[in-house]
Amino acid sequence: MIKELKPEYQPGGSKRQFILDKAVDYLQTPGFQGDKHLFCLDVLKMTETEYLEALNKATNGALVEEALWK
């Protein structure tokens with residue numbers, strides 16, 4: 001059974017930034033990035049942009065640097 005996010009943690013909620021900040025910590029932990037991506041989008045209801053911003057913060061800007069040099 002999957003639990004739902006409380007309204008204050010959902011997009012537009014008063015505590016949404018807390019979830020976005022915790023996602024950065026979560027993305028830094030070991031594990032499959034694909035699984036983390038799906039969790040962020042499906043469970044945390046992050047947009048693709050929010051996910052990419054969190055991933056960039058988690059990699060200390062390496063994501064943007066990689067995109068600029070390709």
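Visitor: Which residue follows H3, and what is its phi?

Guide: Asn 60 follows H3, and its phi is positive, near 55 degrees. Helices here are DSSP runs (H or I, at least four residues), numbered from the N terminus. This is a predicted model, where local features need pLDDT of at least 70, side-chain atom pairs count only at pLDDT 80 or more, and totals for chains, interfaces and linings use all residues. Residues are numbered from 1 along each chain as its sequence is written, and side-chain values use heavy atoms, with hydrogens and water left out.

Visitor: How do I read the packing of H1 and H3?

Guide: Two packed helices are described by the angle between their axes and the distance between the axes. Here the axes of H1 (residues 16-27) and H3 (residues 48-58) come within 8 Å and cross at roughly 50 degrees. Axes are lines fitted to C-alpha atoms, for helices over the stretch in contact, with angles from 0 to 180 degrees between N-to-C directions. H1 and H3 are therefore oblique to each other (under 35 degrees is roughly parallel, over 145 roughly antiparallel, 65 to 115 roughly perpendicular, the rest oblique).

Visitor: Which residues make the contact?

Guide: H1 contributes Arg 16, Leu 20, Ala 23, Val 24 and Leu 27. H3 contributes Glu 50, Tyr 51, Ala 54, Leu 55, Lys 57 and Ala 58. Contact means heavy atoms within 4.5 Å.

Visitor: Which residues of H3 are buried?

Guide: They are Glu 50, Tyr 51, Ala 54, Leu 55, Asn 56 and Ala 58. Buried means under 20% relative accessible area (1.4 Å probe, protein chains only).

Visitor: How many salt bridges does the structure hold?

Guide: Side chains of opposite charge can pair when their charged atoms come close. A salt bridge needs a side-chain nitrogen of Lys or Arg within 4 Å of a carboxyl oxygen of Asp or Glu. The structure holds one. Glu 50 pairs with Arg 16, the closest N and O atoms being 3.3 Å apart. The pair links distant parts of the chain, H3 to H1, 34 residues apart. Arg 16 counts as buried because its relative accessibility is 6%.

Visitor: What else does Arg 16 touch?

Guide: Pro 11, in the segment before H1, touches Arg 16 and Lys 45, not counting residues up to four places away in sequence. Pro 11 and Lys 45 are 34 residues apart in sequence and 7.1 Å apart in space, C-alpha to C-alpha.

Visitor: Where is Lys 36 found, and which side chain of opposite charge is nearest?

Guide: Lys 36 lies in helix H2 (residues 33-42). Lys 36 is buried yet has no salt bridge, and the nearest side chain of opposite charge, Asp 35, is 9.1 Å away.

Note on methods:
Helix = DSSP H or I, 4+ residues; strand = E, 2+ residues; numbered from the N terminus. Buried < 20%, exposed > 50% of the residue type's maximum accessible area, 1.4 Å probe, protein only. Lys, Arg positive; Asp, Glu negative; His and termini not counted.
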